[in-house]
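The following note sets out several points for a colleague examining this structure.

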Amino acid sequence: MAIFGNDNADLLRQVLAQLGQISTDLAALKQQAADQQHAIDQIRQDTAAALTTGLTENRTVIRDGLDRARDTIGDPLTRISTELVAIRSGISRLDDQLKTRTDHAPAPPAPDRGAAPKPEPAPAEQAEERVVAFAETQDCEPDEPDSGILRAAAGIAHATVEGHRDTWAFLIQVAGNAEHFHIPGEVTDDDGFVSVRLSGPSLVAAITSLAHTTRNTPNAVTRAIADHIHGKITNAVQAIIDRPHSGDPGTPVRITIDDRARPDDQADEEQPGTGS
């Protein structure tokens with residue numbers, strides 16, 4: 001029997017066919033492994049993207065919640081703080097008035113045992129004495145500034161006053177008890193820098209109260225603060241007098257109490273010898 005007979009040739013062909021099938025199966029397995037690796041990479045990318053998106057959305061939701069909580073709690077706290085300042089101002093003024101009346105009250109006359117008792121006054125006289133006593137207890141009106149400034153301020157629908165929280169508290173302390181001063185219901189507080197909207201009557205009350213404080217307070221610091229705020233408000237009103245206009249279009253009244261130094265580049269340009 002020959003080595004490469006028909007039987008061996010058939011066996012060889014079968015072996016070669018099996019080897020070819022094995023090679024095909026290996027290629028298929030390799031492709032499946034590559035497809036599975038690609039699917040795993042895609043799943044990993046999708047998972048990372050989903051986590052990133054979820055964290056971003058959660059961060060946004062948390063930030064919105066904190067902002068709403070700050071708006072819900074911060075504004076009422078600011079209004080309460082403003083009202084407390086006004087209350088403290090009123091108590092302080094009442095205390096000063098009581099001290100003044102106590103210091104200036106005349107000493108009671110010594111009783112005269114030999115004199116006849118004073119007859120009770122008639123009802124009309126009692127009413128007159130009550131009217132006089134009531135008139136004596138009233139605070140005198142503060143010195144009014146220029147009437148043109150007051151008329152122009154009264155014509156302002158609303159003015160936005162911007163400044164530090166302490167400046168607003170000082171204005172409330174000085175003008176909070178004035179007849180026509182109305183504490184606004186909304187005070188925007190941005191990290192200690194407040195923005196409030198005052199009506200024309202409130203501006204008039206603020207101007208007269210600040211002028212009265214500037215003229216009459218013995219405290220130099222209080223006088224300086226009152227005079228500075230008074231000047232800011234009157235300058236804004238004077239601009240309306242110089243350029244009067246009603247309705248739209250127009251420049252809204254904005255009083256900003258935030259003085260700053262000129263930038264260094266502009267300051268250098270205005271120094272002697274540096275200009276053109």
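1. The model is a predicted one. Within it, S209 belongs to helix 5, which spans residues 200-216. S209 has a relative accessibility of 11% and therefore counts as buried, the cut-off being under 20%. Apart from neighbours within four places in sequence, the contacts of S209 are V174, A175 and A178.

2. The loop between helix 5 and helix 6 contains T217. The relative accessible area of T217 is 16%, so T217 is buried. A polar atom of the T217 side chain lies 3.3 Å from the backbone nitrogen of N219. When neighbours within four places in sequence are set aside, T217 is in contact with T222 and R223.

3. Helix 3 covers residues 147-154, and its buried residues are G148, I149, L150, A152 and A153. Helix 5 and helix 6 (220-242) are included in what covers these buried residues. At the start of helix 3, the backbone nitrogen of G148 has a side-chain oxygen of D146 within 2.9 Å.

4. The largest nonpolar core comprises 32 residues, and those with the most contacts inside it are W168, F181, L203, L210, I233, V237 and I255. Two or more residues of this core come from each of helix 3, strand 1 (158-164), helix 4 (165-175), strand 3 (193-199), helix 5, helix 6 and strand 4 (253-256).

5. Leaving out neighbours within four places in sequence, I255 is in contact with A159, T160, V161, E162, L203, K232, I233 and A236. Among these contacts, L203 and I233 are also listed with I255 among the residues with the most contacts inside the core.

Technical notes:
Residues numbered from 1 in each chain as written. Predicted model: local features only at pLDDT ≥ 70, side-chain atom pairs only at ≥ 80, totals over all residues. Heavy atoms only, no water. Helix = DSSP H or I, 4+ residues; strand = E, 2+ residues; numbered from the N terminus. Buried < 20%, exposed > 50% of the residue type's maximum accessible area, 1.4 Å probe, protein only. Contact = heavy atoms within 4.5 Å. Polar contact = N/O pair within 3.5 Å; in protein donor to acceptor, adjacent residues only side chain to side chain. Core = buried A, V, L, I, M, F, W, Y, C linked by side-chain atoms within 4.5 Å.
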